[in-house]
Amino acid sequence: MDNANKPIASWTPSRSAKEKNIVQRAVTALLDQLAPERVLKRSDQLPATVEQHRTPNGCVLQAPTAAISVSWFAAPGKDAPLGELRVIVWSGTVSRRGRAANPEGAKVMKELVLRPIEMPTDDFVWRAADGTEFDTSALAARCIALLEEQVSASR
């Protein structure tokens, strides 16, 4: 048989534990950079006026007039076999689970959907729907920049 012309096996929905662990480590690293569970250790710390709220699968960074939420959906789907990450930029105050709803509500201003790239490595890269790729640090910086842009636009 001539294997040279045989196409490479496609990325199947069945994922190894190693691939899932790499994705979970990347999600945890991103959340740790944006809303650490303990002390913020990044050199470019967020202003004190930004509240950081962490959940097991995401975080919310709430500024006085805007917010950004990052949510990880691990359940595989047809288009996202390893899950997907949703970054949403909000105008206003986001209501959090267990808190009274904000009567004015918050409006979605921008949404970014990212998926883990195929064949993940320890230098994990996220890919947006438009093809833009991010490593974890670059994605954290992009999230903070999106929040800062919305805060500036809300003034």
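**Figure 1. Cys59 and Cys143 in the predicted model.** The sulfur of Cys59 lies 7.4 Å from the closest cysteine sulfur, which belongs to Cys143. A disulfide requires two cysteine sulfur atoms within 2.5 Å, so the separation of 7.4 Å is too far for a bond. Seen from the other residue, Cys143 is likewise in no disulfide, and its nearest cysteine sulfur is that of Cys59. The structure as a whole holds 0 disulfides. Both cysteines are shielded: Cys59 is buried at a relative accessible area of 3%, and Cys143 counts as buried at 1% relative accessibility.

**Figure 2. Pairing of strands β1 and β2.** Strand β1 covers residues 51–55 and strand β2 residues 58–62. The two strands run antiparallel and are joined by 5 bridges. Within this pair, Arg54 stands opposite Cys59 of β2. Cys59 is the buried cysteine of Figure 1, with a relative accessible area of 3%.

**Figure 3. The open sheet of 7 strands.** The strand order is β1-β2-β3-β4-β5-β6-β7, and the pairing is antiparallel. Strands β1 (51–55) and β7 (133–135) form the edges, each pairing on one side only. From one strand to the next, the twist averages 20°.

**Figure 4. Helices α1 and α2 on the sheet.** Helix α1, residues 17–34, lies across β1, β2, β3, β4, β5 and β6. Of these strands, β3 spans residues 66–73, β4 84–92, β5 106–116 and β6 125–128. Helix α1 runs at about 165° to β3. Helix α2, residues 136–154, lies across β2, β3, β4, β5, β6 and β7. The angle between helix α2 and β3 is about 150°.

**Figure 5. Side-chain contact between Gln33 and Ser137.** Gln33 lies in helix α1. With a relative accessible area of 18%, Gln33 is buried, because the cut-off for buried is under 20%. The side chains of Gln33 and Ser137 are joined by a polar contact of 3.5 Å.

**Figure 6. Confidence along the chain and residues 1–13.** The pLDDT of the protein chain averages 80, and 74% of the residues score at least 70. Over residues 1–13 the pLDDT is below 50. In the model, this stretch has 8 contacts beyond near neighbours in sequence.

How values were computed: Residues numbered from 1 in each chain as written. Heavy atoms only, no water. Buried < 20%, exposed > 50% of the residue type's maximum accessible area, 1.4 Å probe, protein only. Pairing = 2+ DSSP bridges. Helix = DSSP H or I, 4+ residues; strand = E, 2+ residues; numbered from the N terminus. Axes fitted to C-alpha atoms, helices over the stretch in contact; angles between N-to-C directions. Contact = heavy atoms within 4.5 Å. pLDDT = per-residue confidence, 0-100. Polar contact = N/O pair within 3.5 Å; in protein donor to acceptor, adjacent residues only side chain to side chain.
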